[in-house]
Amino acid sequence: MSAVIAAPRAVVPEEALAELRALLGNRLSTAAAVREHHGKDESYHPILPPDAVAFAESTEEVSAVVKVCAKHRIPIIPFGTGTSLEGGVGALRGGVCIDVSGMREILRVSTDDLDVTVQAGVTRKQLNEHLRDTGLFFPIDPGADASIGGMTATRASGTNAVRYGTMRENVLGLTVVLADGRIIKTGGRARKSAAGYDLTRLFVGSEGTLGIITEVTLRLYGIPEAVSAAVCGFKDIRGAVDTVILTIQSGVPVARIELLDEVQMGAVNAYSKLDYPVAPTLFFEFHGTGRGVQEQAEMVAAIAKDNGGMEFQWATRPEDRSRLWQARHDGYYAALALRPGSKGWPTDVCVPISRLADCILETKKDIAESGMLAPLVGHVGDGNFHLVYVIDPDRPEELAKAQELADRMVDRALAMGGTCTGEHGIGYGKIDFLEKEAGDAFAVMGTVKTALDPLNILNPGKVVRV
């Protein structure tokens with residue numbers, strides 16, 4: 001786990017601030033409270049505020065701000081809603097934060113082509129509210145009401161990824177501001193293309209280190225005719241994971257499969273006022289026609305029963321499903337509520353589903369032997385699971401133990417052919433692990449970074465080292 005990189009902070013000259021004020025007026029802030037808010041995310045990483053925050057409202061304004069920063073060699077940190085988990089918004093070297101949360105226009109919706117173009121500050125809930133009467137929806141659901149630009153920059157996924165994929169599969173095209181202020185468009189609205197390098201995928205997941213995403217064109221999907229959710233507890237966690245593996249191998253097109261261990265289930269019951277058994281539990285959701293949903297549910301129920309599953313508890317009404325999935329999304333806060341005054345150290349890995357049970361069981365053995373409090377949840381349909389180490393930040397021994405266990409979990413996942421992060425991203429918190437995972441390709445990533453950002457002003461110190 002990378003510590004804060006010791007690097008000198010850039011000095012933002014008064015001349016540059018004057019130029020930015022001329023562009024933005026009172027939408028450039030140097031107030032301490034504003035800077036502090038923009039120097040932290042939802043993680044345990046320390047607050048690292050920028051020297052100024054520029055609130056942009058258009059692609060052209062982002063470009064103009066970047067040109068000023070490039071002229072003065074000032075670091076730039078993009079900011080959406082601040083819900084990242086690996087220190088991605090921390091101003092390691094000072095500089096100017098460009099906040100795109102004011103860019104909230106939905107530019108175009110095509111119901112015939114099942115696509116939409118939005119500004120980067122549009123949030124996923126705002127988008128789906130706008131689409132509600134069209135019969136379409138956008139399925140990527142990382143839990144937090146993140147901005148579409150931030151979700152694209154971090155290659156977000158979430159509970160629906162097992163059926164609908166991640167942002168990687170659902171971004172068709174981008175508008176991006178490069179490190180010198182140039183504005184480019186990548187991809188397009190065609191469903192496939194063999195034209196040139198796939199620059200869209202290059203920027204998806206780049207975490208603001210290669211360019212600042214200002215507009216995104218996305219795939220949309222028809223709202224299913226029937227949707228049903230179910231909860232199933234298990235005697236042990238292996239039975240739950242084996243159910244997931246057999247469901248995927250059987251080709252059941254389940255939309256969501258979420259695992260909560262017994263610790264997380266107890267936390268969710270208490271926080272969201274539910275009364276499910278305190279046991280390893282799977283949350284399912286099935287999409288399709290009425291008959292199709294019934295067939296999917298019957299197949300999965302039979303698989304679960306063979307693996308020690310209890311009776312399904314159903315949530316078919318929209319309000320019941322919303323309550324169920326909101327409880328799942330509130331799992332992080334439920335975990336923290338187990339120990340008032342604590343902080344969360346969240347981390348995640350992803351492994352081939354054939355190794356998922358082994359990885360989870362070995363990880364839980366580590367936790368039990370350590371005596372740490374660390375609820376486990378997972379988007380297990382694609383081999384991804386998360387831990388939240390619930391710690392007292394004023395106790396160095398707890399911080400050290402959390403780091404040791406998190407490091408062991410990632411090393412275990414890499415040894416099993418997995419990845420150091422399924423969806424949290426790298427930021428600066430997992431640079432060491434990315435280097436270990438990528439091998440010689442890590443240097444190639446640095447070469448790409450240098451080619452597109454020769455002054456190293458775009459979110460420096462994140463993802464790669466240059």
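**Close-up views of a predicted model**

View 1. The model is predicted, so local features need pLDDT of at least 70 and side-chain atom pairs count only at pLDDT 80 or more, while totals for chains, interfaces and linings use all residues. Residues are numbered from 1 along each chain as its sequence is written, and side-chain values use heavy atoms, with hydrogens and water left out. Nine aromatic pairs are found in a search of the whole structure (Phe, Tyr and six-membered Trp rings with centres within 6.5 Å; planes under 30 degrees apart are stacked, over 60 edge-to-face, the rest tilted). The ring centres of Tyr164 and Tyr221 lie 5.0 Å apart with planes at 70 degrees, so this pair is edge-to-face. It joins distant parts of the chain, 57 residues apart: Tyr164 belongs to helix H6 (residues 161-164) and Tyr221 to strand S11 (residues 221-222) (DSSP runs numbered from the N terminus: helices H or I, at least four residues; strands E, at least two). Tyr164 has a relative accessible area of 9% and is buried.

**View 2. The stacked pair Phe284 and Phe312.** The rings of these residues have planes at 20 degrees and centres 5.4 Å apart, so the pair is stacked. Phe284 lies in strand S14 (residues 281-288), whereas Phe312 lies in the loop between helix H11 (290-306) and strand S15 (313-315), 28 residues apart. Phe284 and Phe312 are both buried. One aromatic cluster is formed by Phe284, Phe286, Phe312 and Trp314.

View 3. Over the ring of Trp325 sits the charged end of Arg256, 4.3 Å from the ring centre (NZ of Lys or CZ of Arg within 6 Å of the centre and within 35 degrees of the ring normal).

**View 4. Strand S17 and its pairing strands.** Strand S13 (residues 256-260) pairs with S17 (residues 376-379) in the antiparallel sense over two bridges (strands pair if DSSP finds at least two bridges between them). Val377 of S17 is the bridge partner of Leu260, and His386 in S18 is the bridge partner of Val377. S17 and strand S18 (residues 384-391) run antiparallel and are joined by four bridges. These two strands form a hairpin with four residues between them, and Gly383 in the turn has a positive phi of about 80 degrees. From S17, Leu376 and Gly378 point one way and Val377 and His379 the other way; all are buried.

**View 5. Two loop residues with positive phi.** Most residues other than glycine have a negative phi. Arg73, in the loop between helix H3 (59-72) and strand S3 (76-79), has a positive phi near 55 degrees. With 59% relative accessibility, Arg73 counts as exposed. Leu114 lies in the loop between strand S5 (106-110) and strand S6 (115-119) and has a positive phi of about 55 degrees although it is not a glycine. The relative accessible area of Leu114 is 31%, so this residue is partly exposed.

Notes:
Buried means under 20% relative accessible area, exposed over 50%, partly exposed in between (1.4 Å probe, protein chains only).
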